Structure formats: structure tokens, C-alpha cells
Amino acid sequence: MLWLCLHFVRLPIESLSGAETAEHPLVISHANAVMQANAPAIQAGIRPGMAIAAARAISDGLRECDYCGDREARMLEQLATWAVQFTSRVSLQPPRALLLEIGASLAYFDGLESLRQGLRNSLANIGHQATAAIAPTPTAAWLLARQDDTAPVITRAELGERLARIPVAALDLEPARQNAIHGLGCTTLGDLRAIPADGLAKRLGRHLLATLQRAHGERADPRVDWQPPPRFQARIELPAETTHSDRLRPGFEHLLGVLCGQLRYREAGVTRILCELHHPSHSPTRLRVGMSRPGRDPHHLGMLLDQQLEQCRLTTGVIALTLKADTFHALAPAPRDLLDDGQQATPDDAWHQLIDNLSNRLGPDRVRALAVDDEHRPERAWRFTDPGRNRANDPPALPPRPAWLLGQPVRLISRGGQPHHHGPLILEHGPERIESGWWDGQDVSRDYYQAITPAGERLWVFRERRGERRWYLHGLFA
Amino acid sequence: MQQTRPAPRYAELHCLSNFTFLRGASHPDELVAQAEKLGYTALALTDECSLAGVVRAHAAARKRRLQLIVGSEFHLDDGLHLVLLAPDRAAYGRLSALISLGRSQADKGHYRLARSHLQDGVPGCLALLVTTPRTNAEAAAWVARTFPDRAWLTTSLQRDGFDTQRLTRCQMLAAEHGLRAVASGGALMHARGRRALQDTLTAIRCRQPLAALGRALAPNGERHLQPREQRARDFPRAMLAETLHIARRCRFSLDELHYEYPEELVPAGYTAAGWLRHQVETGAARCWPDGVPERIRQSIQHELALITELAYEPYFLTVHDVVTFARSRGILCQGRGSAANSTVCYCLGITAVDPSRSSLLFERFISRERNEPPDIDVDFEHHRREEVIQYIYRKYGRHRAAIAATVICYRPRSALRDAGRALGLDTDQVERLAGSMQWWDGRQIHPERLREAGFDPDNAVIRRLLTLVERLIGFPRHLSQHVGGFVISRGPLSELVPTENAAMAGRSIIQWDKDDLETLGLLKVDCLALGMLSAIRRSFELIERHHGRPLTLASVPAEDPAVYAMLCEADTVGVFQVESRAQMAMLPRLRPRRFYDLVIEISIVRPGPIQGDMVHPYLRRRAGEEPVDYPSDEVRSVLERTLGVPIFQEQVMQLAVVAAGFSPGEADQLRRAMAAWKKRGGLDPFRKRLLDGMAERGYAPQFAERVFEQICGFGEYGFPESHAASFALLVYVSAWLKRHYPAAFTCALLNSQPMGFYSPAQLVRDARTHGVAVEGVDVRYSDWDCTLEEAIHNTPTLRLGLRLVHGFGEAAGQRLMRARDSERPFRDSADLARRAELDRGAMRALADAGALAGLSGHRHQAWWSVLGIEATTPLLEPATVQEPAPALPAPSEGQDLVSDYRSLGLTLGRHPLALLRPRLQQLGYRPASHLATTGHRRIARAAGLVTNRQRPGAAGGVVFLTLEDESGTVNVIVWKDLAERQRHLVIGARLLAVVGIWERRDRVRHLVAGRFEDHSHLLGELPTRSRDFH
């Protein structure tokens, strides 16, 4: 066996499309320090390890993105998908390396050099940088790749000599063990190998010894092959071209049924499905359906799909339907009564179905919920949020608040110190004095009152305590 | 809504100051000033379960003639919110006792009280129940029952929309339970403008940024002392009038508190005066066995008469008792300060300055005019002071003795950190700004510092930060225990002032600090710690053990010329008081030859004499460069001993007496005005009297003016002569020890750390330079303490002790010592670990320190053996597994050096700069010894580890650095401009290279810096530490 390790050194920054090649300086930050910087940033004088504040002081227009382990992990999986073209045996070495068993592929690729060239070209095409090292064991390949040691090690014999030079830091051990090794005066793997194995294991742990042995091929190092994640794609053809949406329904029912069957088998649900209506000489029409929480109820999906169908006007004939779903979420099965035919909906279900209907009909950002924020200043005491989130906590004990709040307070005319709005206002219940917010530059200092108009409407008004002491309308009681 | 009637009278009965830590946003005196401005009839200060701020309020109210009511507010376990006020002395005592009880039932900084604790009704106190819309009838009933005829219901108005409900509920409950309703403010600050600061305090208290607090912040700034007109608009007249009824019932003033001494000091059959006289005469007979001189006898009479007149006998007896205890245990102690002016104190053994050899001025210590109790500070060996403290607690009981508090206030750095966090600023940046603030930056934060830390001074957030910080500086944060000031009383202390738990177990503090005690005229005994006393006692013990020569402070041979010769050479590392840079520069110029010269040496190197321009004239006259003359015989008698130049506070006082006709008591007032004139002004009345008095007696106006200038220069920095004399004794003894027994002295200094000016590394280096052989830490030979080992030729070797090993604890050290057995030496590291029960961490610390070299070889081998130790139970003999020892390479010299410094803070190997010398040579830097031969005012280059930094307040911004290399040290002077320009290097560099001008004049040598280069990177990981001082 021969292993090739691809170490994607720049993966954190490459996980953001266009970051590496952007023209403006950009850094990936972690724990308030620079983790990686793109070329314009390096040119400005920013270095990895520098504090973010210091980096910002150097470069005014610096963009900064937080490091996200999940994002990097997803990118690594995508790279694994790319790598299978070179060998079927790909395994992940998180956080940013892949191991490829290439022994079997050499013949196919016409030799090692041509394989490496192919890798280099392909990497360039997808816009990623990697160091490639080759060794008879995966651990050795990984260590060599981290050290930028790219000359291939083909035989076991050379392995010892090449590994001996690698510094202990490459093993990425936890600080306590690192300290212990440092205390022994060992700086390279070669130094560690010079220590009798039993003594080493006793003092520094069996795990370390095992790693060294695996690197040197003295211990088995099985790797799990990476498998692409499940996805669903199915297609059904129609007997004849049609522009009638009714005729498409049976086909969709079939596809949805198959999908949901799969989902049930995998105990999973979907939040998004994509349906394509294929036309003979046009690109397919796409219908997208989204749900607020994962589900696998074919009726619900069907209903949402129907809504989309209604809105789309078919001008050309459809000859085939495709249904795709590419992200499965874990979904435990609902406990079922033996006699239950699965049609019962809980009140919660009804609520989510309503949200799904509205969102899919009106558009995803047109349906929002309100939440109460902990703030004295009324204009900041509320915000929009996603529907379906947890219900708000018990509202705080406040004096009566209007049901409607104006987006901006409206100035009122005042005569003789009395405010007017469709006539002179009578003030009640006040003042409630609100003075807060000096720390973010939005200090307010106001006296709030409930006021009645001559017509009997109840308003929420305030008078500024500073400046010209003007009157404003801020809200309406229902 | 105009009021045409005059505003009604009002007394504020519920008000918190910033002594309710992190809630109140105004100082007590600000509240008092504002209350007076608003025309309040009275103000009650009611901090939460505390009387910590009342003395300050009292002092402010006294000046302004505002009635101050003493009280406190409480939140009981069940949520009841109660304000208690003290109308008379007895009620005050009960209130104070209640506060002490509450504090004793919780951790430091907290309190716990339930209804059951108030079951007796806290006799005498007036109770105000603070009601909310939700207060239930049961609470009102309980208050009415528990405080018959002295309970009210009160509410404050917060303009949060619920005021009407509050007021209604309060009045309703009052009517239902036959109580009266009274208005109050619940003020947290003196003016609305403190709203931002009050919000910030909330953020600091909740440990959250302001933006995250939401409604935990107050909705508005209403909780301040409101104008009476506003009160009249908000409250019914009856509730306002009730505040006056309550205020009238309160007649208590803190002036009524006076101090009562413990009674057990005076045995039956004696009065206090008689017993004191008896003790003094016994002591005098002991000090002068050949007969007490007449002059002394007269002093004793004079002093005792004044002591009796002012009724201070018990105070002296208290201190005498403590000192006698210490002596009985062999604990070295010595009185310092103005007390050394007292013959009585000398006879009682409290001080060590012999009145027959010096002229003392008793009025410097106690005077009629001062109207203040005396202040006796006693220094004890610092490591044994705890025994003295426990003696006091044992003898008087924890309910009668407690330590004075120190109020820990916000300083620039802490204020920056907390305010910055509250504003939500990036922690790293705030840390950087806080860290770059040196103590000398004062309260102003220079725009440059802001820019350096990455802030824009014009940014709105930053400006907010600075405003907050400026206000916050000086705000109290918490109480801590004073260094050693004890208050001891006859009755329970808690009826005089509340006590609370200190952070240290077994200690309690009172809620007042020493300024408060002084304001009220309460006495305290200061038991201070002095490291040098410990070092001297240890030296004496070592010398007795190893040289068979018993010594005491009194029996050290006096006036040894060899000792004075050493002092003239400024060879004084480790010597008390004269080891600093400034002192080392002065010694070769002053050239002390006898004891009194030491008294002068200590006193003259201080900002007072420097600013008053006494130093140069004195030195010139001493060197014979200037004639010494006196305008009169009286002046000669005062100034002769200092060649006509006034150096001591007492001399100024004596001049005022003999030359200007002041009485001794008035002269003492002059001295006190001198000390405080910078803060409070007020030397002018004295100026006139002084000039007139001297003119009357025929002195030239120039002479009088000059004396007055010198007085101004003295300010608060001049030394009392008595104090200097006490210290001079320790200077001489420590110098004598260093000269004659350097190994023992260094050993004692190392065992008494932390103390002194120099680090262990420098002390060891200095000892080796003087020929002391030093051996490293070795588990086979080292004790916990450093010890002396007998070597050949009767010169002992200094063996470093286990205490120097970082990360190795004393308990482990004791176990190791017990396990060591001359019959059965340790076989190997595993054997050591097993027998001494040392865990991995302890063994690693020893390995890192090279202390296992004797058992396991060099550091890497030692690590190997330590890592291989398995935890075995003591019962089992370890199965000695023979495993092959690997051939581990030895550490390089540089690596060993780094480990030495990291683990011990010093090295016995080569100096780090010796390793770097080839590199430094290439850059043109020569060793310090080379500089000794460089001519005056030549350009010179030096490089070394920065071991000391000093920026004396009186030196006008000049920084003094000491650089150390393998051949010695170089003193560097950095003028203010350069210090500012290359501030980062001056503050932060560890290995500094200097190019400058070399100056040498009369044995005083230093390098005036022109330019710096930072070569700290050459040191790599070598950890170095510099001692930075004022």
C-alpha cells in the first residue's frame, strides 16, 4: 500500500469563497487573534498570531471573519467528494487533511508522477492549495505532509530516516505531554525512537508509542473509507407532453411516496425539496418547497408542492419529473398508536403547517414573528424574529404599553404647553420617565403619558426632557 | 404648575452613598453638600448593612452644620426592606451590633438577616418599612408589633408609572395598622447627572456589559436628592412633615462616641496612673543601673504629667503589654515614628532610642494642642507578627479587638478595566490600555496612551469611557484589613462600630479606616511588620549556632570602623534603608563615620530635604567647603548636630520655639500644617507668626525667610529624628552583619523574603562577589530554609533551600526533611518520592530546579526518572523493575540557565550575558567592569539585564535604571524626554543596550542615556524580573 496525504494548509480561509483571492485585506480570526490572512493583508503587515485589534490598527479596511470549524469540516467533505476521482479509498484526517490510498490507482494513472501531476492540475482548477506527501503508512504520510516534506517515501527502509527528522510538535500533542517530552530533551521523532519502547510507553503513554509505531509501519493503521452522504434523486416520465398541472399530480405523489419511504427507513426528514419539470427543448422549471422543521409527511409536502404548482404557469409541455432532496435531518419517529392511521395532527403540527403555508405562498422573508427585548427604550424593546421559535418568556411587569408602536415618533403641535393631535389632548397616567441608553449614543430622556383625543382615542405620547421639550406621538392603544 | 408658597421643610431619611459598594454613585460628602444646598433640615445616611461611610458624612456635616442622622438599610431574608435610624447612643450601639450580626453570618462582603434576628425590636431604633405596591398587610403588622411607637411606612417615588399605586398602598397600609406614612427618596446619588455612573456600577456589579442589562438598569435617573419643591409636588404635606418629626427625635451625633480602654491592664490596688509610673520607674532602673540621670528624671516627670492630664495611661499600658509578650517569645520588635521621642516609651521598652544619647522632643509625639490621641507604631518581625496578632485576639477576645479597615478604592487601572468592560469594549484592548498605565500617569489619561492601545481619543465611546473613569477613580470597591492597626475596647466593640469578617479566616475588621478613627479620636495600636527584623533575628540564630556567638540588638559591637568603611564605599546590597540607588549615590559623598551620621543619611535622601534644598549645603559644610555659622546660640543648640542645616521635623519645631517664641504645642501644630499644606493650604498664618517672632528676637529677615522656605520644602516628607534614630540602629546592625558574617546574613535575608530592594538572584550574586561559597538546591542536603554548611577554614557555605523552588510547597518540603535519614540515603528518585510522599507535581518541580542532580543526573535524566515513578502504596515495596536507562543528551548551558531562572529565579552558573557576550561584543557593547576605566564625559556603551527601575516622585520625571551583566552593574540615568520618547523600552525591555555619556565624579558613577536598543529577543525564553519602584 502507498498512501498520499493532502494537507490543505489554507483550508480555513479557502472555506470562504473568494476570500483568498480578494483584493481587499481579509483575515480569519480565532480567539481574537489572526489565524490566517490573505495576500493583501500580509502585504499590509498583518501576521498570523497578531491580535485582531492590532491588525485593525494597521489596516483600516480590514475584513474579518470568524473561524468556523463546521464550515471547514463541510469543505473537507466536499474535497473528499472531489478526491474520489483519484481513488475509491479516501479517508478524512480532520481538521484539514485527506488520505488517499493510491497503491491500487498507480497502474490506472500511468505511474506516480503522472498521478501527482493530475492532482496538482485538478487542485488548481478547484482553487485549493495542498501539500502532498507520500509514504507507505497513512500516519507517516500525514506527518510528512504537515512538515512540507514532499519527496515520496516508497520503501519502509527509508521511512525511519525520513521520520527521524520530524519535530515533536508535528504530533500535535496536548501541552502536558508536550512539556514532558520537552523536559526529556527530545525534540524530534528520532529522539523519541531512541528511547526504549517500554520506558516511553510507561512515561508518555501507550497512545504516543502506538502513533510512532503506526507511522513506522510496525502496527496496523486501518482507516475508514469515507462515504458520501445520502441523497435522494428520482425521476419519472410522463406518457405524453402535457401543460396541465393536474396531470402532474400522480407523478409527484409517486415521487414523494418514494422519498418519504426512504426517509422513514433512514429515520430522517427533509426541510427542502427541489422538483424539476423537464421540457423537451427548454431548461427545466424548478419548484422549491421549504418547511420550518424537518418532516416526511407526503400529504404535507404534496400540499405545499400543489401551492407552488398553482402559481407557476406552464407554457411548454412537461415530459418528465425529477424530485431531489440532498440534506437529510435526523427525525425520530412519532410514537404511533396501533390503531392510529397516522392522520392525527397535534396543535403544534397545525401551527407549523400554517407557517409553512404562509411562507411558501408569500415568500420566506414575508412571515415574521415579534419578540420582546429587555430594554427601557421603547423603540428598542422589540424585534422581528423567525416564526416558530420558542414562545417568549413571561412579559416583564410594565405599566400599560400600546399595542401599536410607530416606526418613528411623530412630532405633535403644542399650544400653551398642551399637545394636540386631532384636537387638544388630555393627559393621564404619567409621567413615566424613561432615561436610558447613554452608552450607545442613543440616550433618551422622555416623560411618557397616556393621552385621550377629543374623539376618545387613547394614545401614547411623550415629551422630551431636554432641548426644546417637544411633544411626540409614539404609539396607539388598541 | 408654579408654587407660590415657599417650599416646605424636608429631611431625607433614606439615602445610600458609594459605601454601599457598586450601588451608590456619590461620596458621602457630596451627599451632605447637596443636602445642605437643597436646604434640607437633616440627612440620614443609610448604607446597606454598613456604617462605613458615616464618619466621612459626619465630618462633612460638622463643617456645614447640617444635621446628620445615622442609620442603615436592610433587605431581610424574606424580602422585607427596612431602614433603621439611631436616635441616641444606646440605639446606635444596638444598630451597630445588628449590623455586626448580619455580617458575621455570611461571607466577606455579604450579610444575612431574618426577622428572627430583629425579634427584640432593636431597642431604641426607629424603623421605616419601605413599601411597594405588593407589600402585604402582614409585613406592616409585623413592623407595627416589633417596633412599637417607633415604626413608620415609607415609600419613594420613581416615576416608573407605578407611583400612584405605591403611594396609595403605603397610605392604605398605614391607616389600617395605625402607623404613619412618611416620605423618603431612596436616593442612590446626589444629582441626576450621576445616572450614567450609577448604570455603570450596576453593570460592574452584575458583571455584564451595559448593552446586555436591559431592564436590570434603573429606568431613569430619579433616585437622587430631589429639590424640596419637587417633594412638595409629589407627596402629601403630612408625609413631608413626618420627616421632620422623625428628624427631631434623632439627637445622636458621632461626637458622642468616646473610647474606653480595657480594664484588665491595671491590677487591683493600683490606678492607671500609678501602675504606669510603677512600670516606668522599673524600666528606668533597668536602663540606667548606675542611677537615672537628672535630665532623664525631669523628662519622665514632664511626660507623665502630660499623659495623666490627657488620660492616655491605658494606651501606653496596652502597647507595653503587647511588647512585653513579644519579647517574652523572643520576637524582635521596635517602636518607630514619633513615639521614639518619648522617654516613657524607652523605659517601657517600646522604643529603642536612648534619651540619654539623643535630645528628644516629646511634643512631637503628644501635645495638649493637638487634641488627638498618640500614635504608637511598633514594628515586629514580619514572619512572626501573626503570633502577636493572635495574642491580642486571645487576650481581649474577638468581640473586643478588631483590625481597622482599609478602603480599597478604584485606581486608574482598575477603573479602566471595569468601565471598559461595562461599555462592552474589547477586553484585549482595555487590558492593553490599563497595562500601559504606569502609576505615575496620575488621573489623566494621555491621548498618546490611547493611541498606542489602538483607540481613537476622539471616538465617542472613548470619551464616554474617560469621563466615567475619571469619576470612578477614588470610589470605594470593598473593605480590606489594614496592615496592622488594632482597635481594642472595654466593652463589646460591635457597639462602637460594626465588625465584619475579613478575607483571612479568624480575622475580623471594623468598618472604619484609620482616617475615620482619627476623625473620631479613637485609639489604635499599630502592629506592623518589618522584614529586616526577621532577617536580623535569623542572622543572630545562625551566628550562635555556627560560630557559638550569641548576639542581641543591644550587644552588637558599636562603632566598628570596618563597617563604616564598607558603608562609605556604598557596598550595601541587603543593608537596611541604605541599599537603594539613591542611597548608594549619597553614601560616598556623605561618608558616614559614626552612628549619628547614619541618622542623617537616612533622613537626607528624601524628597523633603531635597526640595527644601538642605542636601547640598549640608554636604558642602561637611566637606569643609562652606563655613558653618549660626545667627545665635539658641539656633546653634538646635542646628549644631546637623551643621546648621535643618534636616529633621523636630529641628524645625525647635527653631520655632527658640527663635520665634512658639510654645512646643504650637510648634507641633506648625509641623502638622507643614505636613498637610499641599493638600489644604494654610501655612500663611504661621508664616507671619514665624517672621514676626524671629524679627522680635533680632534675627535677620533673610534668615527667617530661608527657614520658612525650608519648612515649605519639607512638606510631608521630612523625617522625624526619633524615627530615623530607631531605624539607624537597624542600619548599623545589618551593615555589621553583612561585613562580618556575610554568609549568615545572606542566608537570613533569603529566608526572610519577600523584603528589601533586591531579588534573591541579586543577593546571591552579591554574596558570591564577597567570597561566600553558595551551593545549589539538593534534595540530599537542602532544608526548606537556606542553611549554612560547615566547610573548611571555618567559613561556612551557603546552601540554598527548597523554598526557592517554584511550585514546591512547604508541606512537601517538611516531609522531605523528615524522610531524610543519614543511615539510609535516598537511593533514587522513586525512593525519594515514596518516602517523602511527593506527588508528580512536586517531583517535577524538583527536577526542573536541578535538585535531583545528586540522585538522577542532569535535568533530562531527572525528568526521565520522575516520569517513571508510579504511585505505589507505602505498604508495598516497589518491585524495582530494572529498565534500561536511555542515553538522553544533556541540556546545553543556555537551556540550563533558562531552567535555573524559571525554576529558582537565579542561577549559580554563568550570568546569561556571559553567554551572549560574543554577540554583544560584535555589536560594540563592553562589560560593566570595562566602564570603570572609562573617562568622565566620554561616550560609552553598555548592555545588561534590567534589574531595577525607579522613578522617584521628586525627581521630575527622571527614571533610574540598573543594568546587570556578568561583571557587575551599571547605573543609568534617563532624562524625562528620553523616558517619554522611548517609553516602551524603558518600561518593558528585559535586555537593554544603552549608548550614552559616562559620568564619574567623586566615586559617583553613572551612564546618562542618549539612546536605547532593545535586545530582549536575545534572551529567548529566559524569564527575568525587574523590581520597579517609585
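The model is predicted; local features need pLDDT of at least 70 and side-chain atom pairs pLDDT 80 or more, while totals for chains, interfaces and linings use all residues. Residues are numbered from 1 along each chain as its sequence is written, chains are lettered from A and ligands numbered from 1 in the order in which they are written, and side-chain values use heavy atoms, without hydrogens and water.

**Entry 1: the helix pair**

I looked up the geometry of helix α11 (residues 313-328) and helix α13 (residues 385-396), both of chain B: they pack at an angle of about 125 degrees, with axes 10 Å apart. That angle makes α11(B) oblique to α13(B) (under 35 degrees is roughly parallel, over 145 roughly antiparallel, 65 to 115 roughly perpendicular, the rest oblique). Axes are lines fitted to C-alpha atoms, for helices over the stretch in contact, and angles run from 0 to 180 degrees between N-to-C directions. Helices (H or I, at least four residues) and strands (E, at least two) are DSSP runs, numbered from the N terminus.

I then listed the residues that meet (contact means heavy atoms within 4.5 Å). From α11(B), these include T318(B), V322(B) and F325(B); from α13(B), they include V388(B), Y391(B) and R394(B). By class, the contact has 7 nonpolar, 1 polar and 4 charged residues (Ala, Val, Leu, Ile, Met, Phe, Trp, Tyr, Cys and Pro are nonpolar; Asp, Glu, Lys and Arg are charged; the others, Gly among them, are polar).

For C345(B), the nearest cysteine sulfur, that of C347(B), is 9.3 Å away. C345(B) is buried at 0% relative accessibility, whereas C68(A) is partly exposed at 29% (buried is under 20% relative accessible area, exposed over 50%, partly exposed in between; 1.4 Å probe, protein chains only).

**Entry 2: two alanines**

I located A529(B) in strand β14 (residues 525-530) of chain B; A529(B) is partly exposed at 36%. Its C-alpha atom is 4.3 Å from that of H382(B), 147 residues apart along the chain.

I located A52(B) in the loop between β2 (42-45) and α2 (54-64) of chain B; A52(B) is buried at 1%. Beyond four places in sequence, its contacts include F19(B) and W512(B).

Methods
A disulfide is a pair of cysteine sulfur atoms within 2.5 Å.
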